[in-house]
Amino acid sequence: MESQKLPFNLKSEKVFGQQYEFVPTFGKYFKRLEEIEVYIFQGDVETTVLFDVDKLRKTPFSSVVDKLNLDKNRGSVTFKNEQILNDRRSVSDEFEKIIDRVL
């Protein structure tokens with residue numbers, strides 16, 4: 001986790017945010033997913049998560065695809081804060097659906 005200036009492609013009223021990175025080392029996404037980068041913006045009623053999901057590529061063109069950021073799958077999802085506190089399973093299920101669509 002680190003605080004940094006938001007990338008230009010992430011639209012937010014805030015200039016800085018905390019970036020979290022997830023790199024799978026085992027499990028369902030190991031050797032299928034390079035990383036997930038997320039920025040979390042919590043409001044009074046709801047929280048928005050902006051994300052980049054990067055597939056792991058093993059082709060001769062992988063380095064070109066990576067340098068041109070063509071492997072990035074960007075998006076956002078918004079949850080009610082009450083849902084995050086009281087129904088964590090639905091929040092994790094939503095992220096799993098997002099990742100599975102990319103893969």
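Me: How many of the 103 residues of the chain count as buried, as a percentage?

Reply: The share is 30% of the 103 residues. Buried means under 20% relative accessible area, exposed means over 50%, and partly exposed is in between (1.4 Å probe, protein chains only). This is a predicted model, in which local features need pLDDT of at least 70, side-chain atom pairs count only at pLDDT 80 or more, and totals for chains, interfaces and linings use all residues. Residues are numbered from 1 along each chain as its sequence is written, and side-chain values use heavy atoms, without hydrogens and water.

Me: Which pattern does the chain follow along the sequence?

Reply: The pattern is β-β-β-β-α-β-α-α. That gives three helices and five strands. Both are DSSP runs numbered from the N terminus: helices are H or I with at least four residues, strands are E with at least two.

Me: What makes Phe79 and Phe95 an aromatic pair, and why is it called tilted?

Reply: Rings of Phe, Tyr and Trp (its six-membered ring) pair if their centres lie within 6.5 Å; planes under 30 degrees apart are stacked, over 60 edge-to-face, and the rest tilted. By this rule the count is one aromatic pair. Phe79 and Phe95 are 5.8 Å apart, centre to centre, with 50° between the planes. The pair is therefore tilted.

Me: Which parts does the pair tie together?

Reply: Phe79 lies in strand 5 (residues 72-80) and Phe95 in helix 3 (residues 88-102), so the pair ties together parts 16 residues apart in sequence.

Me: Which residues line the largest pocket?

Reply: The lining is Tyr20, Glu21, Phe22, Tyr29, Ile36, Val38, Phe95 and Ile99. Strand 2 (16-22), strand 3 (33-42) and helix 3 each give two or more of these residues. Strand 2 gives the largest share, three residues.

Me: How do you know what is a pocket?

Reply: On a 1 Å grid over the protein atoms alone, a cavity is a set of points where a 1.4 Å probe fits but cannot get out; a pocket is an open set with protein on both sides within 12 Å along at least five of seven lines, and lining residues have an atom within 4 Å of a point. Rolling a probe the size of a water molecule over the atoms shows where empty space is left. The largest pocket holds about 150 Å³ of space. Grid points are joined across faces, edges and corners, and the volume is the space filled by probe spheres set on the points.

Me: What classes does the lining of the largest pocket have?

Reply: Seven residues are nonpolar, none is polar and one is charged. Ala, Val, Leu, Ile, Met, Phe, Trp, Tyr, Cys and Pro count as nonpolar; Asp, Glu, Lys and Arg are charged; the others, Gly among them, are polar.

Me: Where is Asn81, and why is Asn81 called buried or exposed?

Reply: Asn81 is in helix 2 (residues 81-86). Its relative accessible area is 12%, so Asn81 is buried.

Me: Which residues does Asn81 touch?

Reply: A contact means heavy atoms within 4.5 Å. Leaving out residues up to four places away in sequence, Asn81 touches Gln42, Gly43, Asp44, Val45, Glu46 and Thr47. Asn81 and Val45 are 36 residues apart in sequence, yet 5.7 Å apart in space, C-alpha to C-alpha.

Me: What is phi of Lys31?

Reply: Phi of Lys31 is near 65°, a positive value in a residue other than glycine. Most residues other than glycine have a negative phi. Lys31 lies in the loop between strand 2 and strand 3. With a relative accessible area of 55%, Lys31 is exposed.
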